[in-house]
Amino acid sequence: MAPHFIFPPNLKALEEDNDDCRLFAQNPTDITSLRPSQLEEFVKGVAFDLSDKELFCIEEQDVFDRVYSLIKGFSSLNPACKFNLVESLRSNFSVLLPNVDSLSRTSQAPEEEEEAPVLDRVTSHRNAFKIYTFFLVHIALIEESNIGSNNSSKVAANSRKRQPINSWNWEAQRGRILNLIANSLEINLSLLFGSSDPDENYLSFIVK
């Protein structure tokens with residue numbers, strides 16, 4: 001079973017090793033050192049794994065490290081890479097949410113059924129839920145910060161009238177991400193976090 005993910009005070013803190021067996025970025029990649037073609041292949045590889053593997057692959061160390069690396073260097077990604085990464089994360093998270101409701105019904109099954117597998121699934125759902133939330137919200141924070149610092153180039157940006165479907169349109173992506181985060185607050189959080197009061201670190205992070 002993967003280590004527990006605990007919301008860090010900031011993104012960079014995910015590289016800090018701790019003695020509490022939490023999930024952290026053990027082998028991050030400096031994506032700014034990659035050539036454009038290498039970076040595109042790197043993103044495609046991450047997107048493929050996120051779509052090809054189980055939803056919980058995000059807690060696998062190799063996948064986690066690579067996604068973290070892309071979030072850390074998100075500002076340096078080209079529009080197509082940003083789009084592919086965000087769509088992969090958002091798609092998986094949107095599928096994970098109804099799975100929690102299904103898991104809730106499973107947890108209410110007769111007691112004679114095995115409980116350990118259900119508890120393991122709850123743990124994996126909780127880990128994946130927190131990781132997807134953390135990365136998606138950080139993308140939103142990064143892009144909002146970039147918009148604030150790039151207002152001077154607004155005229156140039158507005159001059160681009162037509163964009164490919166898979167081009168980076170932050171306003172559209174922002175709405176999708178925020179709607180998804182809002183929907184995530186409607187699921188059975190008490191099942192995921194084990195009580196009627198969700199994880200304090202989660203709450204403090206989500207209200208930023």
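Q: Why is tyrosine 202 called buried?
A: Its relative accessible area is 0%. Buried means under 20%, exposed means over 50%, and partly exposed lies in between (1.4 Å probe, protein chains only). Tyrosine 202 is under the limit, so it counts as buried.

Q: What kind of model is this, and how are its residues numbered?
A: This is a predicted model, in which local features need pLDDT of at least 70, side-chain atom pairs count only at pLDDT 80 or more, and totals for chains, interfaces and linings use all residues. Residues are numbered from 1 along each chain as its sequence is written, and side-chain values use heavy atoms, with hydrogens and water left out.

Q: What is the mean pLDDT of the protein chain, and which elements have the lowest and highest means?
A: pLDDT is the predictor's confidence in each residue, from 0 to 100. The protein chain averages 84, and 78% of the residues score at least 70. Where pLDDT is low, the predicted coordinates should not be read in detail.

Q: How many helices and strands are in the protein chain?
A: There are eight helices and zero strands. Both are DSSP runs, numbered from the N terminus: helices are H or I with at least four residues, strands are E with at least two.

Q: Where is tyrosine 202, and what makes its partners contacts?
A: Tyrosine 202 sits in helix α8. Contact means heavy atoms within 4.5 Å. Leaving aside neighbours within four places in sequence, tyrosine 202 is in contact with Phe7, Phe129, Thr133, Ser184, Leu185, Leu189 and Phe193.

Q: Which residues does phenylalanine 129 touch?
A: Not counting residues up to four places away in sequence, phenylalanine 129 touches Phe93, Leu96, Leu97, Ser184, Ile187, Leu189, Leu192, Phe193 and Tyr202.

Q: What makes a set of residues a nonpolar core, and which residues have the most contacts inside the largest one?
A: A nonpolar core is a set of buried Ala, Val, Leu, Ile, Met, Phe, Trp, Tyr and Cys residues joined through side-chain atoms within 4.5 Å. The largest has 55 residues, and Leu89, Phe129 and Phe135 have the most contacts inside it. Helix α4 gives the most to this core, with 11 residues.

Q: Is histidine 138 buried or exposed?
A: Histidine 138 has a relative accessible area of 9%, so it is buried. It lies in helix α4 (residues 116–149). Histidine 138 touches Leu11, Ile71 and Phe205, not counting residues up to four places away in sequence.

Q: Why does glycine 73 count as buried?
A: Its relative accessibility is 14%, and therefore glycine 73 counts as buried. Glycine 73 lies in the loop between α2 and α3. Its C-alpha is 7.8 Å from that of aspartate 30, 43 residues apart in sequence.

Q: Why is α2 said to be largely enclosed by the rest of the structure?
A: Nine of the 12 residues of α2 are buried, so the helix is largely enclosed. Among them are Val63, Phe64, Tyr68 and Ile71.

Q: How do you know that the buried residues of α6 line one face?
A: In α6, Trp170, Gln173, Ile177, Leu180, Ile181 and Ser184 are buried. Seen down the axis, they fall within an arc of 100°, so they line one face of the helix. The arc is that of the directions from the helix axis to the C-beta atoms. Glu171 and Asn179 are exposed on the other side of α6.

Q: What makes the span of α6 close to the expected one?
A: The expected span is 1.5 Å times one less than the number of residues. α6 has 15 residues and reaches 21 Å from its first C-alpha to its last, close to the 21 Å expected.
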